[in-house]
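Please read the following note beside the sequence and the model. The points are arranged by topic.

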Amino acid sequence: MGKEEKWKLRDEVKDMFEYAYSGYMKYAFPLDELCPLSCKGVNTWGNYSLTLIDALDTLYVMGMHDEFKKGVIYVIDNFKDFNLNVHTSVFETNIRILGGLLSSHLLALKHDWYKQFEKHNLLSLSVDLAERLILAFETPTGIPYGMVHLQLGVFKNESNLTSTASAGTFLLEFGLLSLLTNNTKYYDIAKRSTIALFLKRDPESNLVGNHINIIHGTYSHRDSGIGANIDSFFEYLYKGFILFYDEQLLEMFNVCYSSIMQYVYRKPWYLDVDMKLTKVTFAIYNSLASFWPGIQALYGDYETAKDTINAVHGVWRKYGCLPEGFNLYMGVAQHGQKPYPLRPELIESIYYLYKKSSGRDSTYLYMARDFMRGLQVVTKTKCGYAIVKDVETKVLEDRMESFFLSETLKYLYLIFDDENFVHFDQNTKQDTLLFTFNTEAHLIPLDIENYLKQHNISVKLDFFTKQSDLLLH
């Protein structure tokens with residue numbers, strides 16, 4: 001694919017983002033999300049202008065710096081803290097809000113206008129929010145409750161069960177906050193939960209379940225896979241290692257990777273198996289598992305990743321979108337799992353495979369174009385883009401998740417923008433990954449020490465590896 005065609009597709013993606021973002025700002029802001037069929041707003045996760053905060057760094061990635069500045073200043077001026085009467089998901093608030101605030105803080109450091117906010121800024125808001133979230137980690141195991149009230153903490157009748165992903169997806173955000181505040185507390189809290197999940201794995205198969213009792217530390221749901229309720233646990237083990245050089249995270253990832261490839265992988269798919277018996281429990285491919293080829297590409301298992309992404313892309317071609325569950329025996333969308341909620345995992349992996357392919361294989365550019373056309377044809381509405389309620393009938397649902405702007409369109413845009421600062425070094429003119437992403441696609445510089453040093457912030461990564469009490473065995 002030639003440069004001119006790539007640039008044209010890049011501009012189309014930006015047009016899609018501007019259409020969706022302006023629809024949110026016109027009809028929904030300051031509420032959390034846009035209802036793209038009725039053209040109104042709704043609070044979903046927390047009544048904290050979710051889509052704005054989630055989309056800030058996408059504005060920056062697409063060169064919309066004035067809108068980014070306007071959004072950052074709005075957040076600083078209108079949120080003195082997160083003392084909100086909100087009972088919310090610890091996981092979602094961490095990846096979407098805390099991740100969005102931290103990423104935008106790092107990007108705003110580049111600009112003189114941000115210096116006026118020295119005392120109250122996106123970092124101080126991040127600290128305030130994190131202090132409210134860590135109340136959920138006060139459990140016998142260190143594994144957090146799934147929900148927390150931002151004013152009152154954890155309710156007495158809160159469920160003792162949480163998913164593995166919900167409990168194991170804090171390393172990047174909490175680690176970054178530890179660096180920025182020179183306080184290891186946050187990373188220690190996140191790592192303690194991660195290690196607790198790992199230590200409770202089955203001793204024979206080394207598989208983890210998808211839900212755990214946070215009081216007793218036993219897996220209550222033994223279904224093990226790489227999709228829903230478990231996915232980002234694995235993602236953060238590897239990305240945590242490449243970001244913080246914590247070799248304990250790599251050790252855990254290596255163990256998990258081997259068990260996944262031995263028991264969960266059925267070329268080219270991944271199924272759910274019983275963590276103890278290792279027997280297949282569901283012959284259904286879960287769409288959230290589509291993040292995995294991207295991690296494999298980073299890890300170096302490119303050929304295996306390529307096989308899987310080719311198969312998943314075939315499902316996208318079949319429907320013009322990707323159902324939550326695909327029945328591998330029947331070759332159709334699974335009953336009860338037919339929605340496509342504008343998820344990014346497929347295009348995320350296509351992005352990584354494109355970046356890691358030798359000679360920049362244009363196959364992935366054409367896959368990305370297919371992905372974009374499906375969104376344009378199937379999901380566009382009069383004021384945004386809507387969840388597909390049924391991939392077979394193409395009936396839409398009146399909701400546009402914030403991650404559509406934070407993740408889906410960001411990865412899609414970056415595939416076609418070869419010289420974006422995210423993966424292009426302006427000094428050496430070399431194409432190389434300079435940032436990693438949290439599981440909501442919020443940017444974190446890979447060379448975080450030097451990035452902060454450029455802005456007169458001195459940090460050392462070695463404090464992450466000095467703990468002797470966080471043992472794996």
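Which residues make a nonpolar surface patch of about 380 Å²?

1. The patch. Y329, M330 and V332 make this nonpolar surface patch. Patches are made of residues with over 30% relative accessible area and no salt bridge; nonpolar side chains (Val, Leu, Ile, Met, Phe, Trp, Tyr) are joined within 5 Å, and like charges within 9 Å. Accessible areas come from the Shrake-Rupley method with a 1.4 Å probe, and for residues only the protein chains shown count as cover. M330 sits in the loop between β14 (325-327) and β15 (332-333). With a relative accessible area of 62%, M330 is exposed; the classes are buried (under 20%), exposed (over 50%) and partly exposed (in between), with a 1.4 Å probe and protein chains only.

2. Basis of the note. The model is predicted: local features need pLDDT of at least 70, side-chain atom pairs count only at pLDDT 80 or more, and totals for chains, interfaces and linings use all residues. Residues are numbered from 1 along each chain as its sequence is written, and side-chain values use heavy atoms, with hydrogens and water left out. Helices (H or I, at least four residues) and strands (E, at least two) are DSSP runs, numbered from the N terminus.

3. The core. In soluble globular proteins, nonpolar side chains tend to be buried together. Here the largest nonpolar core has 162 residues; such a core is a set of buried Ala, Val, Leu, Ile, Met, Phe, Trp, Tyr and Cys residues joined through side-chain atoms within 4.5 Å. Y340, L375, L409 and L412 have the most contacts inside this core. Helix α4 (residues 90-108) gives the most to the core, with ten residues. Leaving aside neighbours within four places in sequence, L412 is in contact (heavy atoms within 4.5 Å) with V13, I347, A368, F371, M372 and L375.

4. Helix α5. The twelve residues of this helix should span 16 Å at 1.5 Å a residue, and the end C-alpha atoms of α5 are 16 Å apart, which agrees. The expected span is 1.5 Å times one less than the number of residues. Buried residues of α5 include L122, L125, L129 and L133. The buried residues of α5 pack against α3 (65-78), α4, β4 (147-149), α7 (171-181) and α8.

5. The structure holds 27 salt bridges, each a side-chain nitrogen of Lys or Arg within 4 Å of a carboxyl oxygen of Asp or Glu. In one of them, E131 and K185 meet at 2.7 Å, N to O. E131 belongs to helix α5 (residues 122-133) and K185 to helix α8 (residues 185-199), 54 residues apart, and the pair links distant parts of the chain. E131 is partly exposed at 30% relative accessibility, and K185 is partly exposed at 30%. The side chains of D431 and K355 also form a salt bridge, at 3.4 Å, N to O. D431 lies in strand β19 (residues 430-431) and K355 in helix α13 (residues 345-356), so this pair ties together parts that are 76 residues apart in sequence. D431 is partly exposed, at 30%, whereas K355 is buried, at 6%.

6. A network of charges. E33, E92, R96, R399, E401 and E440 are linked in a network of salt bridges. Within the pair E401 and R399, the closest N and O atoms are 3.5 Å apart. E401 is buried at 9% relative accessibility, while R399 is partly exposed at 21%.

7. Backbone points to check. Most residues other than glycine have a negative phi, and most peptide bonds are trans. The bond from F29 to P30 is cis, with omega near 10°; P30 is in the loop between α1 (3-27) and β1 (33-35). The bond from K267 to P268 is also cis, with omega near 0°. P268 is placed in the loop between β9 (265-266) and β10 (269-270). S49, although not a glycine, has a positive phi of about 50°. S49 is buried at 3% relative accessibility. N206, also not a glycine, has a positive phi of about 65°, and N206 is partly exposed at 23%.
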